[in-house]
Amino acid sequence: KVGDFQLLNLSISSIDDKFALEGEPLVKELSEILCGLLLEPAFLSEKFDLSSFEVERQGLIDTIEAEINEKTSFAVHRLIELMCAEEPFGLNKYGKIEEIRALTLADVVKQYRELLVSARMEIFFVGCGDAHKACECFTRRLAGLDRKPSTALVSSCVPAASEPRKVTEHYQVGQAKIVMGFRVDAPDSAQRDAARVMSAVFGGTPRSLLFMNVREKLSLCYYCSSRYDTQKNILYVNSGVEFENIEKAQTEILNQLQLLKNGEFSDQLLEETKLMITSSFQTVNDSTSTVEGWYLGQLFHSEILTPEQQAERLAAVTKQQIVEAANAVTLDMV
């Protein structure tokens with residue numbers, strides 16, 4: 001799930017043709033297999049075993065039910081579900097259990113056929129081989145589809161929260177989780193770049209304000225970090241605390257945000273944060289999967305940048321821009 005959009009991924013990987021022992025045309029053959037998976041799925045056959053569908057349906061339900069076992073991620077999921085209840089983003093990427101239980105194979109086939117017509121398709125070839133062989137295969141196999149795909153990939157964004165909301169849920173746990181969701185008013189790419197660096201200074205690195213003050217200096221939590229979603233303009237602060245420190249930690253998190261809004265952070269912290277950000281972008285090209293993930297994410301932005309270009313933009317963000325980005329932050333839900 002990226003912003004308000006659901007992504008389905010079919011992928012296949014192997015060595016390149018030039019490494020095949022007998023010179024087999026692996027790129028061509030694997031492209032044909034991948035097209036077959038997409039265009040000729042087993043569930044279209046009248047001989048398809050219905051028990052396989054039932055197993056997958058139950059597996060999806062089990063996946064959703066198991067989310068509660070990871071309390072840290074579960075707390076974030078609940079925040080998104082409640083905070084964004086009126087937005088597509090608020091839906092669990094796996095769906096709702098009651099709706100899954102009611103699904104029939106006919107429902108799935110209908111949705112599959114609609115997907116082939118309306119879904120935007122992006123094909124990535126990452127590696128050292130000849131992409132033209134894959135391109136020829138997909139062009140030929142997809143040419144027969146009567147497609148009317150949607151083109152816009154812009155998620156809805158709420159610029160500011162009207163007033164903070166608080167939701168408390170009780171579970172048998174040894175540690176409380178605090179998740180705070182903030183709306184960020186950052187409509188253009190330059191403002192979002194500033195918000196990304198701002199989030200890193202706030203709580204995105206081991207030298208950040210939240211880590212050094214809330215966790216290290218005041219010992220109010222086991223962990224405390226922030227993350228910025230560029231698609232939805234939402235800033236998350238995630239923390240694990242003792243029950244008696246819930247209010248203290250929440251107050252101090254908001255205090256650190258106010259310090260950020262006041263510009264009360266050092267130039268050294270800013271430069272260290274930029275170096276860490278630049279270093280993280282250098283790892284994108286370490287694997288084919290991260291390269292694919294990077295450029296898939298770029299499709300949701302106004303322009304496609306390389307990791308190096310994005311790193312340069314973030315490195316150019318000024319302290320004043322960070323202060324402005326922090327002042328565009330409003331608390332929506334705890």
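1. Phe300 is buried, at 11% relative accessible area. Buried means under 20% relative accessible area, exposed means over 50%, and partly exposed lies in between (1.4 Å probe, protein chains only). Phe5 is partly exposed, because its relative accessibility is 23%.

2. A note on the source. This is a predicted model, in which local features need pLDDT of at least 70, side-chain atom pairs count only at pLDDT 80 or more, and totals for chains, interfaces and linings use all residues. Residues are numbered from 1 along each chain as its sequence is written, and side-chain values use heavy atoms, with hydrogens and water left out.

3. The structure holds 4 aromatic pairs. Rings of Phe, Tyr and Trp (its six-membered ring) pair if their centres lie within 6.5 Å; planes under 30 degrees apart count as stacked, over 60 as edge-to-face and the rest as tilted. One of the pairs is Phe5 with Phe300, which is tilted, with 5.9 Å centre to centre and 50° between the planes. This pair links distant parts of the chain, 295 residues apart. Phe5 lies in the segment before helix H1 (26-39), and Phe300 in the loop between helix H11 (288-298) and helix H12 (307-315). Helices (H or I, at least four residues) and strands (E, at least two) are DSSP runs, numbered from the N terminus.

4. Phe281 and Trp294 form an edge-to-face pair, at 5.5 Å centre to centre and 90° between the planes. Phe281 is in helix H10 (residues 267-281) and Trp294 in helix H11, so the pair ties together parts 13 residues apart in sequence. Both Phe281 and Trp294 are buried.

5. Now the charges over rings. A charge sits over a ring if NZ of Lys or CZ of Arg is within 6 Å of the ring centre and within 35 degrees of the ring normal. The charged end of Lys1 sits over the ring of Phe89, 4.8 Å from its centre. Lys319 lies over the face of Phe265, 4.9 Å from the ring centre.

6. Next, the sheet. Four strands form an open sheet in the order E2-E3-E1-E4, with antiparallel pairing. Two strands pair if DSSP finds at least two bridges between them. Strands E2 (223-229) and E4 (329-333) stand at the edges with a single partner strand each, so one side of each has no neighbour in the sheet.

7. Inside the sheet, which strand pairs with E1 (residues 176-184) over 8 bridges? Strand E3 (residues 234-241) does, in the antiparallel sense. Ala176 has Val241 in E3 as its bridge partner.
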